[in-house]
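Okay, everyone, thanks for coming. I'll just walk you through one chain today, so let me put it up on the screen.

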Amino acid sequence: VLSAANPPIMGTAFITAQLCLAYQHTPCSICSEHCPVENVIRLEDGKPVIAQDSCTGCGVCRQVCPAPENAILLMPALARPQLQI
């Protein structure tokens with residue numbers, strides 16, 4: 001059951017800089033444009049940075065990444081919130 005008491009944290013996304021187009025000097029902001037959680041992926045000097053404490057690990061950024069080898073790595077949450085009944 002998803003609720004404020006049981007937040008939807010599935011994991012965390014990480015950017016692999018050597019695969020990310022923006023880190024290779026190609027303009028790209030698709031992951032930050034499509035992230036459904038406000039202000040989780042912000043651009044710093046044209047490069048995406050993920051706020052690890054706010055990322056839910058939903059995977060939208062990974063699905064939209066246009067890099068030839070996907071630059072987004074999803075790591076599952078080690079500690080999932082306990083179900084509140």
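Reading from the N terminus, the order of elements is β-α-β-β-α-β. So you're looking at two helices and four strands, and keep in mind that this is a predicted model.

On to surface and burial. The accessible surface comes to about 5,800 Å², and carbon and sulfur atoms own 56% of that. The chain has 85 residues, and 29% of them are buried.

Now the inside. The largest nonpolar core has 13 residues, and the ones touching the most other members are Ala13, Ile41, Ile50 and Cys61. Let's zoom in on Ile50. What does Ile50 touch, if we skip residues up to four places away in sequence? We get Ala13, Phe14 and Ile15, then Val40 and Ile41, and also Cys55. Two of those, Ala13 and Ile41, are on that list of core residues touching the most other members.

Last stop, Thr56. You'll find Thr56 in the loop between strand E3, 47-50, and helix H2, 60-64. Buried or exposed, then? Thr56 counts as buried, because its relative accessible area is 16% and the cut-off is under 20%. As for its partners, again leaving out anything up to four places away in sequence, Thr56 touches Pro8, Ile9, Met10 and Gly11, plus Val37.

That's my tour, so over to you for questions.

Definitions and conventions. Residues are numbered from 1 along each chain as its sequence is written. This is a predicted model: local features need pLDDT of at least 70, side-chain atom pairs count only at pLDDT 80 or more; totals for chains, interfaces and linings use all residues. Side-chain values use heavy atoms; hydrogens and water are left out. A nonpolar core is a set of buried Ala, Val, Leu, Ile, Met, Phe, Trp, Tyr and Cys residues joined through side-chain atoms within 4.5 Å. Buried means under 20% relative accessible area, exposed over 50%, partly exposed in between (1.4 Å probe, protein chains only). Contact means heavy atoms within 4.5 Å. Accessible areas come from the Shrake-Rupley method with a 1.4 Å probe; for residues, only the protein chains shown count as cover.
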